[in-house]
Every structure is written in C-alpha cells, then in structure tokens.
Amino acid sequence: MPAVSKGDGMRGLAVFISDIRNCKSKEAEIKRINKELANIRSKFKGDKALDGYSKKKYVCKLLFIFLLGHDIDFGHMEAVNLLSSNKYTEKQIGYLFISVLVNSNSELIRLINNAIKNDLSSRNPTFMCLALHCIANVGSREMAEAFASEIPRILVAGDTMDSVKQSAALCLLRLYKTSPDLVLMGEWTSRVVHLLNDQHMGVVTAAISLITCLSQKNPDEFKTCVSLAVSRLSRIVSSASTDLQDYTYYFVPAPWLSCKLLRLLQCYPPPEDGAVKGRLVECLETILNKAQEPPKSKKVQHSNAKNAILFEAISLIIHYDSEPNLLVRACNQLGQFLQHRETNLRYLALESMCTLASSEFSHEAVKTHIETVINALKTERDVSVRQRAADLLYAMCDRSNAKQIVAEMLSYLETADYSIREEMVLKVAILAEKYAVDYSWYVDTILNLIRIAGDYVSEEVWYRVIQIVINRDDVQGYAAKTVFEALQAPACHENMVKVGGYILGEFGNLIAGDPRSSPLVQFNLLHSKFHLCSVPTRALLLSAYIKFINLFPETKATIQEVLRCDSQIRNSDVELQQRAVEYLKLSSIASTDVLATVLEEMPPFPERESSILAKLKKKKGPGAVSVTELEDSKREGGELNGGGDRGPDTAAMASTPSPSADLLGIRSAAPVGAAPASAGSLLVDVFSEAGPIAPSAAVNDDGFLRFVCKNNGVLFENQLLQIGIKSEYRQNLGRMYLFYGNKTSVQFASFTTTVSCPGELQSHILSMHLCTKPVEPLVEGGAQIQQVLNIECLTDFSDAPLLNIKFRYGGALQNLTLKLPVTINKFFQPTEMTSSDFFQRWKQLSQPQQEAQKIFKANHSMDTEVLKAKVRQNVTPHSIMYRLTLRCSKDSVSRRLCELLAEQF
Amino acid sequence: MFSLISSFQMQFMLLFSRQGKLRLQKWYVPLSDKEKKKITRELVQTVLARKPKMCSFLEWRDLKIVYKRYASLYFCCAIEDQDNELITLEIIHRYVELLDKYFGSVCELDIIFNFEKAYFILDEFLLGGEAQETSKKNVLKAIEQADLLQESFDEQLHSVLTTVTDTL
C-alpha cells in the first residue's frame, strides 16, 4: 500500500485491492471477486440498514470490480441513494459510479435526474459542480431533456461562482453535441459570447470551447466573438511570461487558451474590420517571431506549449490563405522543424506543410524543401513519420519535380511498410498520369509499379494504364515492346500478365517485325504464363489469343490447337469453357473480314476523371486530396481527366458484366458502327446470347446538348455533386426544376447559385427569374435541394443562360458554370399538316438566308428517322453522312436550330 | 474557408501499465462496453509495441493517438485528426503534474489504490473532453476542499466506529 492515503481511507477497499493484486492467477482473481460480490450482495440485501459510509465503500468496490473488466449487474440503486447523501464524498462516489456505469434504466434515470436537480438548486457550488460533471460525463438524451434549459441560466447568472460557470459551459457543450435540437439559442447567447471578456481565465478557457462549437452551427449569431477573441489573444500574446500567474505554463502564457482562441478564429473568414485584422496579423507575427527567440527553458514542456500555439497559428494562416507574407514565413518555420531533433516536431512539420503545399502563395516555398523530405522518407525510423513524408511529397508534386518524386516514391515502395503500400501505389499512379509529358515514362512507371508492388496494384491502376495506351497512339509501340520485355522475367506478377496480354492482343503487331518478338514468340511467351494464372486472367488471355488470330493469321493453327485442347474446351470453369468454344468457332467460321471487324482495335475510351483518383479519394475521405488536386484535375480536364466520374468499373471497360471481365469487349457492343448488316446475321448466330448492346453513352462533358430533345435528366454530375433537371414548357413560358444533390457525406457550405444571361440574351430577349428564394447555403451530405426557375421567351435567341454554382467542400471552393439547356426549340408548337401543305410552305420560305444547311458525320448508328415540321433530312447511307436542311421564316432561328439538331444525330 | 473545426475534444483517455493493465479509462464519446474493450485491447497492443524514440503521435482508425510514457505508466489520448497534438501532449503532462502534486511523487500504486481520486482530479481538469481549468492551483484547491469536507467527516466517524472492524 502506498504511504499516502489522503482524504478518506476506505480500509476495506484498500484491503480488497491488495488481495486482488496478490492473486497469482486469473482464476484466483475471479474467485476473490466472486466472493466479494456475494458479500456485497448480502450486505445490500441484509435486513440491517447500511450506513452511508459502508454503502459508499461497497459501491466503490463494485466500481473497482467493473473497471477491472467484470460485469456489474447490481448496486445501481445504492449508488443512486448516495446521490442524495449530504456528505460530500458519499455523493461524489455515487456520482462517479453513475458516470461510469450509466445505463438507460428509465426508473433509475428519473431518480438520478431528481438528485441532480436537487444539487443544481442547492446553491452549494461543490454540489452543483458534482451534478454538472455527472451530466457532462453521461450526456444522455434524457439528461438533455431534463437540463438543457436550466444550464444556460446557471451559466450566465450574475451570481454563479466561477468554478460552476466553468462546469456549466462544458456541460452545456456536451449536451449540445448529443442533442443540439434541445439546446435552444436565446437571450443567453449574447451573454455567453461576452464570457470571452471574463476576468477569470479558467472561465474563458471553458467557455471558449462552447462558443467555438456554437459558432460553427450559428456563425452569424456569434460573429461578435471574432473581435473579442482577437483582443483577448492579443493581450495574452503580448503579456510577459509571468503576467498570467498560474495560467502560465513553463513560461508560456496561457497555451491552452491561446490555442482555443486561434481555433475559434478558424471558424470565420479573416476579420473585415481593418483594425481587428491588423491586430490579429500582429499577433500572428508575434507568434512567428517568438519561435525564433531562444527558449526560456530547456524543458520539453516549454517548447511543446510554445509550438502548440505556433502550429495553431499556422493553421489559421493557412485557413485564411490570403497573407502571402505570413504563409511564406510559416513555411520557412516549418522548414526549420523538418530537421529538428525532436521526432514529434518533424512529424508535425511534415503534416502541416502538406496543407501549405496546396496554397498558391506557399507552394513554391514548400517545394524548396524537397531534398529534406526525400531524405525523411529514406531515413526516418518511425513509419508514421515516413508516411507523412510520403504525403508531403505527393502534395508538393507538380510538373517540375514529378519525375524525381515519382522515382523516389517508387524506390521507397520496395521497402515500404505493408500498411501503406496500397495507398503509395495509388499515389504513384496518379502522379505519373497527371504529370506525364512523355507517355513512355508513364508506361515505364506503371510497369515498375506492378513489378515492385504487384500485389498492391488494384484493378483501377492497371485498367487506367490500358485506357491511356489505347487512347494515345504515340505510346502503343513502346508499350508493346516494354510489356514484352517485362514478361520475359521468369516470375512476373499476374497483373503484369494482364496488362501484357491486353496490350499485346491489341498492339502486338507493332513489334512483330522484330524476329525476337515475332507473333509466335509473343504467343508462346503469353501462353507460358497461362497455367499459373487465375481464372479472370486466363479469360483475358483467351481473348488476347483470338485477337492474335486476327492480327497474325500465321498463329491461327497454333492457337486453335490450344483452344481445342481439353483443358480449355472442357474446362470446368464455365467462363473459360465458353470463351474457348466461342473463340474456336469464331476463328473457324468467320471470314477474315468479319474477324477483322469483330476483333478490331478497341476504340478510344471516353475521357473522364481518373478512376484511380476517385479511389484514393474514397479511401482517404474528403480533404485527403489536396485542393490543388481538385483544381488541377479541373484545369487539365481536357487532357486525361475529363469531367464526369462514372466509378471505376465503367471507367475502365465499356461493359464488363462479370469479374472475368471481357476486356476485348467482344461480347458487348462491337465498336460503334462496326457491324455492317452483312455480318450481322452471322454474328448473331455465333453469339446468340449476346445481343448488341447500345454503346455506353458518352460522358456528360456537355450535358447541354443532351437536353435539346428532352426535358428531364441529369445535367451534370461529378463525384461531389449531381444536378438534375425537370422542365416543362407551354407556348412561350417554361418552368425548370433544378435538383442539386450532394453526393458526398460532407456538408457543402456557402452554396449559392446564380443564373445569368450573357450578352444580348439579357432581359429583352429572354427573361428569366428565380421564383423561389435562393437555395439554402448549407447542403448536408447526401441531401438534395430544389430550386425553381421560371422562364419566359420574348423573342428568338441563340445563346443559353448560364448557371453558376459555388460552394465549399471540405474547405475548397468549388466553382462551376453550366449552360442551362434552354433552347429555342423548347418553345415551339407542333403543327399538323399534310405533305403537300408542307412542301408548299417549304417553297415559300425560299430566301437564301431562311435556309440553313449542314452536312455532317453521324455520331450514332443510323436509324431512319422521320422528321416533321420544316425539317428535311437526306440520309446518304454509304458515306454515313447526314445532310440537314432547315427553313424558317427567321434566319436566326434556322441557323441556331441547325446547330442544335446537328449534334443530335 | 469552411471546414468543421473541432475544438480539441478528446475522445477518450486511457492509462495503462507496461504490462498492459488498464489503470484508468475515461470516455468522452458514447460507446458500448464491447467497443470500449475492443478499442482498449487494440490500442494497448499498438502503443506497447512502439519503440522508445518513436514519435508520440500515431494515426489509428480515424483518430489520432497522442501518448506518453511516465515511468511504468502509459498515458494515451485519442483526438480527432484536425486537433492539436502538442497541446494534447501537454494536457497529459499537466494531468501527471496534478496527480504528482496531490499524491506527492505519484506512482502507479497511488493510482491503483486511489483510483477514485484519479477520476475526481481528471474531472476537475477536463470535462467532456475539453480543458475546464488549466491552473494547477485551482484544480488542487477544488480537490482539497473536498478532502477537507471528508476529513471533518472522518473524525466524526472515527469517534463512533473505532471498534467496528472495517476490513470487509
């Protein structure tokens, strides 16, 4: 037993604890505990009424037993009885037991709440504090219901003791977090803000947590807190280290309060009032200056407290992202920490720099530390620090240093901890794609990735390399040569076989001229891997073989032989068997022309956002992908990362119904327009079950055009937001319903939409007004909000109105402008007329400017369409061209309509 | 810029020994007993496996763990990803100082035998996972006041119960 036993020495309890500690085995301990439980139970059930002291002792023993990890199913009533004791320690133990072992037994909750109510109204500050602690510790809904209105009163009452105020503030915070609906704002709200001015530092420290939480939900009601917080902070920052007496911690004045003040300020934009802002900037500068001063103490507590404030100040500077000078200074400071002997500081500096890298003001400054960060990745002994270094390299990467960073990350991968490999692989793949100028480098990088960490290369990664090779013909020959070489390795990863199979199947011909990689050599190389592979890979290889038959007729006999052997044609796996049978049949029945058509090279994949990026985002949640990332992917959208996101599967393969994905797309739609009627019947015979499926719709890179002939649908979609439209038109009036759906689980803030009519479209041509109130500024995760737009067409028009949407997602501003699909044809009225009437009218509109004509290539397969009204269409089947002729009384209408309709075929 | 800022709310605090015995547990978020036990088991294992010179912070599930070892005891706090690690480290230190001052060079045994005091001190210092009172003097004053109430009561008790055995 320890020598010190302050306060109430409950000897019985001490003896019991000693006994437990002396138990040699788990069994002995359980035996001792069971004995004790029996004893306590008999005492509680006994006829003799227990005095308060014994009750307290037994309740305390039960608590000890519970904290050892055993279940306790009695004693609650005795604990509740202790609450109404007027002896402080009995009450205290009672409350402790309730706090630790609370359960929602309704009968008990009522009794507990009664006891709390009594103590709250006792005006004895120690009792009040105990009751408030209990509410804060339990924080249940029932307690919120009982006390949510009482506590604000205690908090702001003039005669409440400081210690009670402190407890009341944090107690209210807890209730607000569990049941925000029950804590009603009111007259007390403004008085709470003024607690920031309180004389007592402890009161400020407690109250500010509450204020921070409340102002996040009600920023406007609490915005006076900004100037109060700035002046409080300024007083602390400029005070001498002894001014604040006991609130100075190792020569640092009020570190906790300072951090909380800086945190509160992060709930708001920079102060608008120039004086307040000036004062705040001064504070931030002082904090940065102090970091350069020699330490006042060698103790780690001193530097930790000082740096805690510094990091919080840097967070605020990053949050404002508007003071280039401060951002660069912050970056330099963190740069010093990168080489600090304290591991903790190195870790935090790497972490904080990651966010600095995404600010345009400090991105360059962060980049200057690249060598140090690479060194950290190589030499840090703690994996969590290395992980931070890898994150920072990813964040600071741009076109200028991509090759170096990717090379370092690749070499780190060879020894990286298993826990972070998959994420590293994704990051390398994304950087390689995003910053590839020369695509042979990209191909090399991804193949290296598969070689080094094949197991961690997810499908998205190797799908993506194939998409890119297919879409860029300048890299196809190189890719074929490189995979061919990579496959020479005696043991290569299955993912390499997949990529190799696919690429040689498509582009093997590009290297077939070299006798060292002749068709047969290629085939034998692939087939040598076949038996070591899983079913999906084998299925892919079979498809590659049939492609070989088309590419290299000289391999036909060999391949047919392979397909014909029992292990293929009678394979127990249905998918493999079916492929073998069908491919064998196809290769023997179909003419070379048919074969060439069916097995034609894959058409380019539609450009869209990288599926890998989507995966990384999903993995890390919002915020993990830096701001620049999102913006970059928008900027470079034209190149590789297109607008919409269709999820990884569809992104990779046009249609892949089963895991044994048919990479060559034979079973689904053949490339668009590649199935002339003559081959059609034969194809259907061979693949009777696989009817032609419509090619997947193009990416909604321009949702506008898809609405020319329809009124409802999805106008826009990316991984954050979906915008749907429903519209109806009658004569010259239209009404459009816009639905904004938040696809993430995170709230969108400051959500605003504006509709504008560019140029002459303005008012006199088309009047548009939003008839409902502006949309809510907050869109909860997963929620959808609606907006109605009334439109009146005054005269004909050609431009479309623009819809601008702005919102903040995870701190990053998203800005989006879309053309609203309001087109002239929406306001047309159908007219019935006979063909002779039609031609008569047609001839009347004979002035040259009344006619608009366009000849264009079909985007979709042809279908004989009947076009009514004043539209004549000549279809020239052989050239797959359309000629569209329109005549309208107004020349501008003809022109516009012609443009619109031309895109629809 | 808008993002949800948490205000240093600690999720939970655990004290455990080098042997992995849990000495104190304080949960500031509602969890079932089963979850609590699972978290404790996992975390004790993870932290004990770390080497002395390693960083005091680690990412664990969605949370950040801040821990520090004092003699035979590990103090371990879970905070949210955005929270300030260094100030949390000093929360731990201040709590250790409070225990030290109260018990007079505190050791693990003090916390075992006076576990209820360890909880009371913690409640005075942190409430609902937020710092309530950071002044050492003020926290100890509150605790000592309670002890004074107790001692006067103990004296009365002793006069009555001197002969009654109090070992059960």
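This is a predicted model: local features need pLDDT of at least 70, side-chain atom pairs count only at pLDDT 80 or more; totals for chains, interfaces and linings use all residues.
Colleague: How many residues does helix 28 of chain A have, and what distance does the helix reach from its first C-alpha to its last?

Modeller: Helix 28, residues 519–530 of chain A, has 12 residues. Its end-to-end C-alpha distance is 17 Å, close to the 16 Å expected at 1.5 Å a residue.

Colleague: Which residues of helix 28 of chain A are buried?

Modeller: A general point comes first. An α-helix has 3.6 residues a turn, so residues three or four places apart point the same way. In this helix, the buried residues are A:Pro519, A:Gln522, A:Phe523, A:Leu525, A:Leu526, A:His527, A:Lys529 and A:Phe530.

Colleague: Against which helices of chain A do the buried residues of helix 28 pack?

Modeller: Their partners in chain A are helix 26 (476–487), helix 27 (494–507), helix 29 (535–551), helix 30 (556–564) and helix 31 (566–569).

Colleague: What is the area buried between chain B and chain A?

Modeller: The size of an interface is often given as the accessible area lost when the parts come together. Here the buried area is about 7600 Å², and carbon and sulfur atoms give 57% of it. Contact involves 74 residues of chain B and 94 residues of chain A.

Colleague: How many salt bridges and polar contacts lie between chain B and chain A?

Modeller: The rule finds 6 salt bridges across the interface, and 28 residue pairs are in polar contact, both residues at pLDDT 80 or more. A:Lys177 forms a salt bridge with B:Glu130, with the closest N and O atoms 3.6 Å apart. On the side of chain B that touches chain A, helix 5 (residues 136–161) of chain B contributes the largest share, 13 residues. By class, that side has 29 nonpolar, 16 polar and 29 charged residues.

Conventions:
Residues are numbered from 1 along each chain as its sequence is written. Chains are lettered from A and ligands numbered from 1 in the order in which they are written. Side-chain values use heavy atoms; hydrogens and water are left out. Helices (H or I, at least four residues) and strands (E, at least two) are DSSP runs, numbered from the N terminus. The expected span of a helix is 1.5 Å times one less than its number of residues. Buried means under 20% relative accessible area, exposed over 50%, partly exposed in between (1.4 Å probe, protein chains only). Contact means heavy atoms within 4.5 Å. Buried area is the accessible area (1.4 Å probe) that two parts lose on being put together, summed over both. A salt bridge is a side-chain nitrogen of Lys or Arg within 4 Å of a carboxyl oxygen of Asp or Glu. A polar contact is a pair of N or O atoms within 3.5 Å; within protein, one must be able to donate a hydrogen and the other to accept it, and residues adjacent in sequence count only if both atoms are side-chain atoms. Ala, Val, Leu, Ile, Met, Phe, Trp, Tyr, Cys and Pro count as nonpolar, Asp, Glu, Lys and Arg as charged, and the others, Gly among them, as polar.
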